[in-house]
Amino acid sequence: MNHLYYDSSRYISTVMGTRNGLPSSQILCLYQQQAGPLWIGTSIGVSRFDGFDFENFLSAGNRQTGKVHAVKEDLHNNVIWVMSESGLCFYKEGQLFPALLENDLSVNDMCFDGNGGAWLATAAGPAFVGKAALNDLVARKKAALKILPASAKMVKKIALDADSSIWFSTRHVLYRYNRQGLVKIWETALEGDDITSIVCHNRDTVFFTSVRSGLFAYENGSLKKIPFQKTISANLQQQEDSIYYLTMHGVYGFTASSHQTRFISAIPEELNLWLSCLLVDRERNIWIGMHDCLIFQQERKFYEYKNADAAAGIELFSLYRRKDGGLLMGANRGRVFEKRKNDVLNYLGPQTSVAERAEVRAMLEDSRGWMWYATGFEGIRLMRGNGHIENITEKDGLGTNSNSFLLEDANGNIWTGGDGAVTKIRIGRPGEKLSFKTFSRSYAGDNFNTFLNAVEGPDGAIWLGGEKGLFVIRGDTLREYGLSGHTPHPLNISDIRKGSGNDAWITTQGDGIWQFNLDDNGTLSLKRIFTEKDGLHSNIYLNLVAGHDGNIWAASYSGITRIKFIKDNEPFIANYGQPNGYFSKGYQAIKLLQASRDTIWVATSTGLLCFNPADFPDAYATPGIVLRNVRLPGGSNKPNDQPLVLPYDQKSIAFEFSGIYFSHPEALKYAYRLSGTENGWTDIGNKRSISFENLSPGTYRLEIRSYLGSHAASAPLAYSFTIRPPFWKTWWFILYCLAAVAFILIFWMKKREAAIRKKAAEKALVQQQLIELEIKAQRAQMNPHFIFNSLNAISSLIASRQNEKGLQYLSRFSKLLRMVVDENETSFISLKDELELLRLYLQLEALRFVDSFTYNIQADSMLNTDQVMLPSFLIHPLVENAVWHGLLHKEGERKLLIEFRRDSSRQLLCIVQDNGIGITAAKKIKAERLNGASRKEKGLQLIRERLLALQEKTMLHATMHIEELKGTDPEVRGTKVTLELPIIYET
């Protein structure tokens with residue numbers, strides 16, 4: 001190994017063409033849409049690239065696309081417009097559609113006016129299409145263009161500035177159009193000096209380029225030639241606040257304010273032929289379109305060294321920085337090299353090797369200036385100040401000949417260890433022999449790599465890590481330090497290092513990276529475990545270094561991971577690999593070493609590289625994500641703007657998607673959540689598809705996101721779909737069934753209610769008829785008795801020669817009979833007639849009993865006696881009972897009061913009150929007359945039944961209340977009967 005070299009170019013170039021999936025290698029335009037995918041216009045169609053695959057569109061409907069001159073995104077209509085030689089077309093819902101323009105012209109470029117309209121560069125000149133017309137085109141309806149009159153033909157480029165002035169060009173002429181009219185800004189007569197780009201930078205400045213004349217600025221009304229020309233100009237692109245300029249000599253950054261340029265990247269010499277277009281994506285990657293390929297350039301992070309002697313190769317196992325700053329590299333067969341600039345020299349001098357067959361795994365320059373070398377299986381080599389190399393092996397007291405680390409503790413002791421043993425080497429006074437203290441740990445099977453590295457704790461304890469786990473030596477005791485509470489199996493530790501402060505870091509093979517706190521008392525406590533879920537690209541790491549800036553750099557089989565703590569001690573995790581210039585070959589061993597603030601070295605069994613920690617940004621560009629396909633059994637369904645609706649027997653669905661991160665697409669990881677089944681995010685690693693089986697009917701919303709490391713995640717991509725329930729589970733069917741059941745139930749209830757009403761009416765009619773018959777029967781019984789008594793009274797008056805009284809009695813008697821006969825024909829009688837009937841009856845009874853009692857009949861003046869109706873023959877039995885059973889058995893003054901009035905509840909009160917012997921005495925006399933036999937009170941019972949029938953018929957209150965009147969003493973003072981009747985008017 002004599003001379004090393006490396007590729008110093010800042011960017012790594014990757015060439016793409018038809019073998020990668022492009023339809024043509026002739027690239028004419030480049031565009032990145034907001035969601036992230038790259039659109040590539042070629043000579044035969046347009047291609048959409050997501051970092052993994054090219055999706056090609058060679059036709060729009062029945063129209064062949066042909067050469068694609070430009071691609072633009074219309075956020076208002078959510079479509080991608082494609083300008084081609086066959087006309088205008090647009091991409092929507094996974095398909096390319098032709099725009100149905102009435103002016104069928106080839107279109108070269110497009111810009112939007114901010115109001116939903118657009119200007120087109122067409123073969124007929126600049127053309128305007130308004131918002132409504134654009135909407136019609138997207139709806140696949142015809143629309144017309146408004147060609148700018150009296151303007152140039154064959155317009156190639158078009159742009160709109162902040163003042164709404166239109167800038168457009170033909171091949172050789174640049175124009176501006178605004179309210180003041182059309183103005184020619186610049187023209188060239190050089191053959192092949194085509195205008196290639198127009199950039200409206202701000203309100204006062206417009207930049208443009210031509211192939212041969214170069215770069216120009218139109219500022220504040222004056223045209224200026226930028227004093228920079230690198231043969232052929234190709235393209236100018238503005239990305240946010242930066243402007244990029246493509247020439248045959250490479251890509252330059254251009255500062256608009258100072259007109260200064262800075263070199264960014266070169267085009268590989270073997271490819272520098274026909275330049276076409278430039279794009280700097282949102283990750284700051286560079287895309288260069290050429291007439292024979294597409295070049296992708298991304299910034300280099302790692303610089304790999306090659307051996308000038310290609311056959312020799314580079315095989316390294318350890319790195320060490322001497323106190324004088326020299327970089328030592330331990331190699332196979334005991335060789336040690338020192339790097340001096342780009343030359344690699346044998347560090348050992350004439351001896352050339354410290355071991356014949358073993359690799360140098362570790363090196364150490366101790367506090368005495370002695371150099372120690374640990375080999376794979378030939379023990380330890382010591383080079384003191386005299387340059388002589390001493391061999392130290394198991395025969396001398398070394399615990400093992402296979403050692404992986406060297407450590408000098410605070411007391412100047414040297415520690416080394418490896419397969420199954422750790423050795424403490426004590427160095428005595430000059431001339432004294434080395435003394436050895438061995439700590440062994442053996443396991444069933446092999447004991448390889450039991451101890452791989454060690455650090456000293458604040459209390460002097462030695463902490464060791466290896467394939468069998470974590471160990472600690474305190475005093476003369478070696479013990480295993482258990483982590484059973486954090487992992488079900490022993491850790492396979494590949495490295496252990498001190499970090500900043502009291503931090504200690506461990507890399508493992510299978511369990512990620514562990515951070516510990518090692519306090520002043522020698523207690524080791526776990527702070528955090530980092531795994532793939534936290535953003536690591538693997539759970540297998542081999543080595544680490546704590547950087548001077550506090551960052552942790554860890555090496556895996558596929559790259560380098562950086563852990564940086566940002567605000568509130570939150571970790572930012574970033575992964576870098578082969579796309580950034582990392583090794584393309586595999587390796588079995590790797591060592592990291594920070595030699596200076598701006599250089600970290602990486603030595604492996606297959607190569608050497610370095611990187612500058614300052615070249616790594618503190619944040620990722622945010623990745624994008626797109627839905628590529630929705631797959632159903634038996635076919636596929638392209639994603640579109642409308643929610644997907646599936647029948648109830650379609651319970652399976654699959655989704656294909658791609659994260660957009662061109663810098664390292666394979667580093668992307670994905671997570672999803674499906675509302676309706678779960679709430680949290682589910683990580684699926686690098687898988688770019690998910691499928692769902694046996695979904696229940698319902699509406700679902702799927703969200704998918706891509707992420708890098710720990711702090712760069714895309715905005716969730718959302719897609720809604722619905723699985724219809726079977727018709728017998730739909731709300732309308734259930735509602736229909738419920739309505740049908742309700743209708744049947746209501747119909748049955750109505751029918752039953754009608755039948756009940758009919759039966760009740762029939763029953764009420766029968767009862768009414770029975771009551772009326774009983775009333776008539778009662779009348780039939782009462783009338784002969786009353787008539788017989790009355791006739792006897794008349795006969796007595798005539799016999800006693802009281803003819804005048806007899807005639808008066810007879811007249812009243814005949815009138816009463818007529819009213820009774822009339823009453824028999826009706827169920828209700830007016831209050832006026834009832835009053836008259838009661839008055840005639842009482843007059844006859846008073847005359848018959850020689851005025852032995854007095855009576856008083858009263859009616860409330862508020863009652864209309866002609867209109868108010870009450871049941872016929874309802875009051876008469878009560879009056880008769882009062883006369884016959886209450887008054888006639890009383891000695892002394894006999895009084896009867898009959899009163900009709902309306903109460904506060906608008907009911908008719910009928911009161912029959914006497915001052916007779918009372919209810920109890922009357923019942924006693926009646927019982928004596930019947931010799932103790934009981935007899936049912938038919939009159940009162942009939943009244944109660946008639947009141948109940950009246951209440952059912954009118955749905956109004958109708959009651960009777962009988963009370964025995966008493967004074968302050970126990971003596972009975974009479975009887976009071978109160979009827980409460982509804983007020984019924986004659987109809």
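## Report on a predicted model

Arginine 284 is partly exposed, with a relative accessible area of 33%. The model is a predicted one, and in it arginine 284 sits in the loop between strand S29 (275–280) and strand S30 (286–290). Although arginine 284 is not a glycine, its phi is positive, at about 70°. Most residues other than glycine have a negative phi.

Histidine 259 is another non-glycine residue with a positive phi, here about 60°. The loop that holds histidine 259 runs between strand S27 (250–255) and strand S28 (260–265). With a relative accessibility of 18%, histidine 259 counts as buried, because buried means under 20% relative accessible area.

**The protein as a whole**

The secondary structure of the protein amounts to seven helices and 77 strands. The radius of gyration is 57 Å, well over the 30 Å that the globule rule gives for 987 residues, so the protein is more spread out than a compact globule. Taken along the principal axes, the box filled by the C-alpha atoms is roughly 185 × 95 × 55 Å.

Buried residues make up 50% of the 987 residues of the protein. The accessible area of the protein is about 47,500 Å², and 49% of it is supplied by carbon and sulfur atoms. Of the contacts between residues at least 6 apart in sequence, 53% join residues at least 24 apart.

Helix H4 covers residues 831–848, which is 18 residues. From its first C-alpha to its last, H4 reaches 26 Å, close to the 26 Å expected at 1.5 Å a residue. The buried residues of H4 include Leu831, Leu835, Leu838, Leu842 and Ala846. Just after H4 comes valine 850, with a positive phi of about 50°.

Helix H7 covers residues 938–954 and has 17 residues. The reach of H7 from first to last C-alpha is 24 Å, close to the 24 Å expected at 1.5 Å a residue. Gly939, Leu940, Leu942, Ile943, Arg946, Leu947, Ala949 and Leu950 are buried in H7.

**Salt bridges**

The count of salt bridges in the model comes to 31. The table gives three of these pairs.

| Nitrogen side | Oxygen side | Closest N and O atoms |
|---|---|---|
| Arginine 628 | Aspartate 53 | 3.0 Å |
| Lysine 306 | Glutamate 304 | 3.8 Å |
| Arginine 757 | Glutamate 753 | 2.3 Å |

Arginine 628 forms its salt bridge with aspartate 53. Arginine 628 lies in strand S60 (residues 624–632) and aspartate 53 in the loop between strand S5 (46–49) and strand S6 (54–57), so the pair ties together parts that are 575 residues apart in sequence. Arginine 628 counts as partly exposed at 27% relative accessibility, and aspartate 53 is also partly exposed, with a relative accessible area of 33%.

Glutamate 753 and arginine 757 are both in helix H2, four residues apart, about one turn of the helix. Glutamate 753 is partly exposed, with a relative accessible area of 35%. Lysine 306, which pairs with glutamate 304, is partly exposed as well, with a relative accessible area of 38%. Salt bridges also link Arg10, Glu299 and Lys301 in a network.

**A nonpolar surface patch**

Tyr648, Phe727, Trp728, Trp731, Trp732 and Leu735 make up a nonpolar patch on the surface. Together these residues have about 730 Å² of accessible area. Phenylalanine 727, one of the members of the patch, is in the loop between strand S69 (717–723) and helix H2 (731–799). The relative accessible area of phenylalanine 727 is 45%, and the residue is partly exposed.

**A buried glycine**

Glycine 412 is in the loop between strand S41 (403–408) and strand S42 (414–418). With a relative accessible area of 9%, glycine 412 is buried. Leaving aside residues up to four places away in sequence, glycine 412 touches Arg368 and Ile427. The C-alpha atom of glycine 412 is separated by 7.8 Å from that of arginine 426, and the two residues are 14 residues apart along the chain.

Terms used. Residues are numbered from 1 along each chain as its sequence is written. This is a predicted model: local features need pLDDT of at least 70, side-chain atom pairs count only at pLDDT 80 or more; totals for chains, interfaces and linings use all residues. Side-chain values use heavy atoms; hydrogens and water are left out. Helices (H or I, at least four residues) and strands (E, at least two) are DSSP runs, numbered from the N terminus. The expected span of a helix is 1.5 Å times one less than its number of residues. Buried means under 20% relative accessible area, exposed over 50%, partly exposed in between (1.4 Å probe, protein chains only). Patches are made of residues with over 30% relative accessible area and no salt bridge: like charges are joined within 9 Å, nonpolar side chains (Val, Leu, Ile, Met, Phe, Trp, Tyr) within 5 Å. Accessible areas come from the Shrake-Rupley method with a 1.4 Å probe; for residues, only the protein chains shown count as cover. A salt bridge is a side-chain nitrogen of Lys or Arg within 4 Å of a carboxyl oxygen of Asp or Glu. The radius of gyration is taken over C-alpha atoms; the globule rule is 2.2 Å times the number of residues to the power 0.38. Contact means heavy atoms within 4.5 Å.
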